[in-house]
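Q: Hi! Could you walk me through this one? I'd like to start with the domains and then look at some helices.

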Amino acid sequence: MGKKRTVGFSRFSEVQTAWLFMAPGLVLLALFTFWPIIFSVPLAFTNYSVIGETSFVGLDNFKRALSDVDFIASIKNSLLYMIIVPFIQIISILMAILVNRNIAGIKFFRAAYYIPVVTSMVAVAIIWGWLMSSNGVLNYLLMSIGLLDEKINWLSDKDTALWALMFITLWKGLGYYMMIYLAGLQSVPNDCIEAAKIDGASNFQLITRITIPLLKPYVFLCTLISLMAAIRVFDEVFVLTSGGPGNTTLTSSVYIYQQGFEQFEFGYSSALGLIVSFIIMFFSIFIFLFNRKGGVNPY
Amino acid sequence: MKNTNKAKKIISKFFVYVLLIIFAIFMMGPFLWLISVSLMPGKNIFAFPPAILPTFIDFRNYLEVWEYMDFLKYIWNTVIITFLGVTFSILFSALTAYPLAIFKFKGRNLVFLLLVSTMIIPAAAGLVVNYLTINSMGLINTFTGVVLPTLVSVFNVFLFRQAFMGIPTDIRDSGKMDGASEFRIWAQLMMPMIKPAVAVVGLFEFMANWNSFLWPIIVLNTEKYPLASALSFLNGQFSYNFGWIAAGTVISVLPIIFVFLFTQKYYMEGISGAVKG
């Protein structure tokens with residue numbers, strides 16, 4: 001009986017099957033990815049909060065945002081955070097080149113470098129919070145090798161706090177990008193390298209003339225991922241400084257969270273979210289256009 | 001001539017290992033120090049000069065924090081959340097990815113466009129609206145409410161799609177010849193072929209769910225917290241008791257490190273498959 005069916009068509013046509021397969025995923029995406037974006041638009045024009053009646057307030061939230069010193073500071077800090085992007089690329093490429101060889105124990109080292117990536121930001125924040133306190137190990141080490149004259153309370157000094165957080169973000173992410181670059185390096189055809197070696201290329205030339213150009217699409221991908229991560233940074237700031245001292249480490253994600261879930265000003269928080277979304281969108285479109293020119297595919 | 005070459009090789013190998021070890025200390029050092037703190041109850045970590053290596057070993061911190069914090073409960077919460085998150089994430093993402101890789105159907109490009117646009121649109125403001133959604137679904141203080149919003153990520157869908165596209169078409173055809181339904185082909189023929197991709201998505205989702213702390217704090221009451229949320233709570237409540245916090249942190253970190261070490265061999269394969277595009 002069943003065997004008589006036309007090959008490829010059971011009870012449903014191919015189109016129906018396709019939509020059936022995608023249904024659960026698309027419903028979830030619609031509900032938790034698209035709906036928040038759509039619904040936060042009308043919300044941004046109201047004074048919706050836990051207390052009082054909700055009413056339409058027009059552009060009040062946006063006017064308030066533009067004169068909100070903390071919000072402006074948080075945007076500045078989020079943009080400043082992007083400084084780590086080039087450092088991430090350089091260090092993780094060097095690490096990838098370092099672990100891209102078949103020597104004894106290399107698997108151990110690769111795993112070791114990846115461990116900060118798999119651990120929770122809460123755990124990492126706790127550890128580095130201790131290491132960076134004024135009587136912490138970091139000060140001790142820096143002072144004993146003579147790089148530092150007096151103790152710095154890295155995370156509560158307003159001059160160093162943001163940089164200290166950036167360092168933690170960088171440290172935790174290196175292994176992740178290293179693995180992507182390593183995948184890239186291993187896709188470099190071996191004949192290419194052998195041929196260059198026969199032609200007498202030095203190690204340095206091998207890296208600058210062959211490895212780096214072939215890594216280009218990976219550099220693009222990693223830049224995109226790390227840029228988005230930097231501009232949205234939340235966890236480490238939330239756990240370690242919650243924006244302080246003052247507003248020196250306040251990032252836009254943290255401020256949006258604070259307005260929403262600590263002040264319960266859902267309307268204002270949504271308006272801030274929209275503004276930040278536009279800023280991020282600007283960067284993404286810029287990168288995607290740049291990408292199209294380069295002709296590489298980030299996914 | 002030959003000897004100098006050999007000597008050169010040994011020296012360069014030596015330098016490589018020195019560099020590898022320096023980086024290893026940089027990346028692993030903080031964790032090793034954490035373990036050493038957790039094993040020295042009563043030791044003040046803020047003494048100057050600080051104790052870096054353990055001078056004695058005592059598991060008292062582990063016993064105390066285990067008893068006081070009811071750690072088993074938090075571990076259980078985390079296990080349920082992670083299990084739900086990983087299983088359904090793999091299931092729904094792979095289901096969504098399959099038609100995008102195999103079929104040509106009307107609306108395929110539209111779905112694609114929607115998926116790509118989520119990569120451009122940031123979810124900065126999503127937290128508030130998602131809270132309201134979960135609330136109106138009556139899912140506050142449930143584990144379902146914790147995992148639901150992040151079950152399907154576009155990244156996972158693309159990774160699976162890439163993997164499905166790498167499977168030769170004869171395999172699906174042979175399934176069809178045997179009269180298997182599309183779902184059976186997917187479940188019994190295709191899914192076993194993309195194990196590396198499943199391992200990568202599994203690891204990423206394991207990480208994301210095991211380590212998530214903010215959304216659970218928003219959605220759940222304290223007694224339902226997973227480990228990471230409980231840890232940030234512990235850190236706020238007992239910030240003076242370093243030993244306990246260190247022990248708690250070690251307990252929360254070990255399982256995920258083990259999972260990583262077990263999935264590691266698939267990991268490179270999966271990553272390179274995902275990136276090539």
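A: Happy to. One definition to begin with: domain bounds come from an automatic or database domain assignment. Also keep in mind that this is a predicted model.

Q: Good. What does the domain assignment of chain A give?

A: Domain 1 of chain A is 2–64, and domain 2 of chain A is 65–120 + 172–294.

Q: And what distance separates their centres?

A: The centres of domain 1 and domain 2 of chain A, taken over C-alpha atoms, are 29 Å apart. In the contact, domain 1 of chain A takes part with 12 residues and domain 2 of chain A with 14 residues.

Q: How much area do domain 1 and domain 2 of chain A bury between them?

A: About 1,100 Å², with 61% of it on carbon and sulfur atoms.

Q: Switching topic: where does UniProt place "transmembrane region" in chain A?

A: The unreviewed UniProt entry puts that feature at residues 20–45, 79–99, 111–131, 161–183, 214–234 and 271–290 of chain A. Take residues 79–99 of chain A: the span is 86% helix and 0% strand, and its end C-alpha atoms lie 32 Å apart. For residues 111–131 of chain A, the figures are 90% helix and 0% strand, with 23 Å between the end C-alpha atoms.

Q: Which residues of chain B does the annotation cover?

A: For chain B, the unreviewed UniProt entry lists 14–35, 74–98, 110–132, 138–159, 197–218 and 238–262. Residues 14–35 of chain B are 100% helix and 0% strand, and the end C-alpha atoms lie 29 Å apart. Residues 197–218 of chain B are 91% helix and 0% strand, with the end C-alpha atoms 31 Å apart.

Q: Now helix packing. At what angle do H3(B) and H10(B) pack?

A: H3(B), residues 71–102, and H10(B), residues 195–211, pack at about 145°, and their axes are 9 Å apart. The crossing is right-handed.

Q: Which residues meet there?

A: On the H3(B) side they include Thr78(B), Gly85(B), Val86(B) and Ile90(B), and on the H10(B) side Val198(B), Gly202(B), Glu205(B) and Phe206(B) are among them. The residues of this contact between H3(B) and H10(B) divide into 8 nonpolar, 6 polar and 1 charged.

Q: Last one: what is Asn235(B) in contact with, leaving aside its neighbours within four places in sequence?

A: Ile126(A) and Ile245(B). Asn235(B) itself sits in helix H12 of chain B, residues 227–237. Its C-alpha atom is separated by 9.6 Å from that of Gly248(B), 13 residues apart along the chain.

Technical notes: Residues numbered from 1 in each chain as written. Chains lettered and ligands numbered in written order. Predicted model: local features only at pLDDT ≥ 70, side-chain atom pairs only at ≥ 80, totals over all residues. Heavy atoms only, no water. Axes fitted to C-alpha atoms, helices over the stretch in contact; angles between N-to-C directions. Helix = DSSP H or I, 4+ residues; strand = E, 2+ residues; numbered from the N terminus. Left-handed = near helix turned anticlockwise from the far one by under 90°. Contact = heavy atoms within 4.5 Å. Nonpolar A, V, L, I, M, F, W, Y, C, P; charged D, E, K, R; others polar. UniProt positions renumbered as here; feature names shortened; annotations may be inferred. Buried area = accessible area lost by both parts, 1.4 Å probe.
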